[in-house]
Amino acid sequence: MCTTQPVSARQPDLSESSLIPVLDEIIDSYCGTRGALIPVLQSVQNLLGFLPAPALQYVSRELNIPYSEVAGVVTFYSFFSTVPRGTYLVRVCLGTACYVRGGKEVLEALTKELGIRVGETSEDRLFSLEIGRCFGACGLAPVVMVNNTVHQRVKPAKIHELIEQYRSEGMQEREVQ
Amino acid sequence: MCNITINGIEVEARDGITILTAAREAGFTIPTLCFLEGTIPQGACRACVVEVEGAPSLAASCCTPIRNDMVIRTNTKRVRDARRTVVELLLSEHEGDCQTCVRGSDCELLLLARNLGIREIPFNTVNPVQQIDRSTPALARDPGKCIKCRRCETVCAEVQHVGAISAQYRGYDTVIGPAFASPLATVACVQCGQCAAVCPTGAITEISHVQGVWNALDDPKKHVVVQTAPAIRAALGECFSLEPGTLVTGKMVSALRELGFDAVFDTNFTADLTIIEEGTELLTRLKSALVDKKEVALPQYTSCSPGWIKYAEYFHPEILPNISTCKSPQQMFGALAKTYYAQKIGVKPEAMTVVSVMPCTAKKFECQRPEMDDSGYQDVDYVLTTRELGDMIKMAGIDFINLPDDTMDAPFGTSTGAADIFANTGGVMEAALRTVHALVTGRNLPAEDLHVRPLAGLEGIKSAEVTFTDTVENWRFLEGVTARVAVAHGLGNASDLITHIQETGEVFHFIEVMTCPGGCIGGGGQPRFTTDEVREARIAAIYKEDEGKTYRQSHLNPAITEMYEQFLKEPLGETSHHLLHTGYTGKELFTQEV
């Protein structure tokens, strides 16, 4: 069942005045910690759903790490995103085990079902599609993660059903808001 | 000490050094690509692998420390095969348009491929199409030629504390470039060109002004004058395989005449002029502080180095009021050439082309700053790096080595030894102290050979003190005052010095900053490859040039005296203010949304 909380139910307020106190709080909590960049970026993304340029520039300035290096880390890890993501982040594992057990076919089915390619977000902002290289659940291959929920032994034929559950949950959430 | 064996020969080496250092010191050759002297080794390229007895795999010699009794082999089949594979793989991702590439005989990748005997590339690779980035005035990036050795990134972040470029994306898609692989012009790059100086291939180079200069020289309606920075004469010879530190001043003048310049001048002249203006500015600031008890921005920082100016505008806008308002010698020259000199010879400024030969890439940026047009036109039209001048001399088929010596033209050809040493770290400060001391006390600086030894050499941050005694009447307020001066070269050192002063409140009156390690002799436009050994050789040559001069203090330059009598009237006067001085504005670190 779908038990996950949406990554970001609402479009976050990205104006400078509201962004800075939030970022300061995150940065302060890592004050003086070596290697703070990645945890800070994770916290910011958890909060905002993605990493907008002004937030990255602020992090670069406050942590005194060159912007090129911050961007280097953001672009290196597929977990980070600089564009808004949908309510549900769907990640398909294409690690070796998942790949040989049909991960690629699962991805194709998802692409078709969602009408988007890898790295894109659906027009209704409900779904984003990404690929991953091993979630450490090879015994359950092929694996799909939707936000923090792991779906095991996924079959292409079951994709429609899986996505429909999230779709109706997401629509209901929106109506409540 | 450790006893190690390299290729069967017993070698004694210092504890803690790497196999690479030990081997090189003992005279063995090990090829490297990503290794950069003076910085933390990356071990990224694996071109330097060697065999260590007992070790299961080959070791990257640049980052493997030696141990006692280590047995190392640098020339076995296994080593040669591994190195060849490494370079073949690099070549498979490298756009090798070697016939037309700006890097020729100084391309390290080409040389390495030749030395390893590579005759074909066994890997068929379709590489991502890469855009050449020509967004800045001084530097072009061609990621297709990049082999991801990351020397540029290291020098930009660790040595210069700028961090304009870093590795973006991952694996096959990796680009060494600005954040999100955006154009260089959209990020805080100071255009110093140290990246271009350390790049082993043609992936980062200066934006060429060669064709523009040829066009001007070929245009009979143009009066084309050239100025040469002090650092060129100690390095240009390297373009023609002369030893680093060979002085070629006279040959350089002959070559410039053969290239067809209408007049050959010396940036040294405006370096002398800088000392008069900047020294007077310092004394004026000191007077305001000590006599008039006014709030004055001290210490005063030098302003000759355009990379440093851009750095301060981005990263230390709080010290902009402290930076001397003097334009750099290049820009003073341009402004005077298109006014004073143009009038003197009856040429309209619009018919004059001013070309600079600089050891620097940032000078290409500087001449295009919008405020550098006090003559009514862009004061300096083209800037050639030392390398570009070398290329032009070769294009013209000039036999540089066998050229006779010639001398520079009047009125901008006469200079003092104080101007020569502008090329070296510590040189501008020494030149300033020579003149300031003489003006204030009427006596020469009390230093052996007029050299302020604590300010010379490659130490990153240096300082000295001078106490004024028996002062002349005009400057009596400085009686007994000890002037404290500091020198930093390489922007990382400059940044450290600024932070130190801000945190400790240590008092300095005058600070020299040069963007590049070693000063202009180590500039981003100098012949490759500039190691500390090369820096020291060029520095020694410049001091030799200084010591050979009739006059060694800027205020004694008779041509400068004449310039003030005929044109400028007085230091910091109205004409000076208009033509020789400028202002600075803080720049936003993030100019463009990504």
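Author: Helix 4 of chain A does, with 6 residues in the lining of the largest pocket. Helices here are DSSP runs of H or I with at least four residues, strands are E runs of at least two, and both are numbered from the N terminus. The model is predicted, so to speak of local features takes pLDDT of at least 70 and to count side-chain atom pairs takes 80 or more, while totals for chains, interfaces and linings use all residues. Residues are numbered from 1 along each chain as written, chains are lettered from A and ligands numbered from 1 in written order, and side-chain values use heavy atoms, without hydrogens and water.

The largest pocket has a volume of about 1300 Å³. A pocket is an open set of points on a 1 Å grid over the protein atoms alone, with protein on both sides within 12 Å along at least five of seven lines; a cavity is a set where a 1.4 Å probe fits but cannot get out; lining residues have an atom within 4 Å of a point. Points join across faces, edges and corners, and volume is the space filled by probe spheres set on them.

The pocket is lined by 50 residues. Closest to its centre are A:Ile65, A:Pro66, A:Tyr67, B:Val162 and B:Gly163. From chain A, helix 3 (53–63) and helix 4 (67–76) each supply at least two lining residues. By class, the lining holds 25 nonpolar, 18 polar and 7 charged residues. Nonpolar means Ala, Val, Leu, Ile, Met, Phe, Trp, Tyr, Cys or Pro; charged means Asp, Glu, Lys or Arg; the others, Gly among them, are polar.

Now the contact between the chains. Chain B gives 17 residues and chain A gives 18. Contact means heavy atoms within 4.5 Å. The two chains bury about 1300 Å² between them, 64% of it on carbon and sulfur atoms. Buried area is the accessible area (1.4 Å probe) lost on putting the parts together, summed over both. On the chain B side, B:Arg170, B:Phe180 and B:Phe590 lose the most area to chain A, together 45% of what that side buries.

The largest cavity has a volume of about 340 Å³. Its lining has 29 residues, and closest to its centre are B:Cys304, B:Ser305, B:Pro359, B:Lys363 and B:Cys520. Two or more residues come from each of helix 8, helix 9, helix 10 (329–345), helix 11 (362–366) and strand 17 (510–514) of chain B. Strand 17 of chain B gives the most, with 3 residues. This lining divides into 19 nonpolar, 8 polar and 2 charged residues.

Last, the backbone. The peptide bond from A:Ala141 to A:Pro142 is cis, with omega near -5°. A:Pro142 sits in the loop between strand 2 (127–132) and strand 3 (144–146) of chain A. The bond from B:Arg528 to B:Phe529 is also cis, with omega near 10°. B:Phe529 lies in the loop between strand 17 and helix 16 (532–547) of chain B. A:Arg125 has a positive phi, near 60°. A:Arg125 is in the loop between helix 5 (96–114) and strand 2 of chain A.
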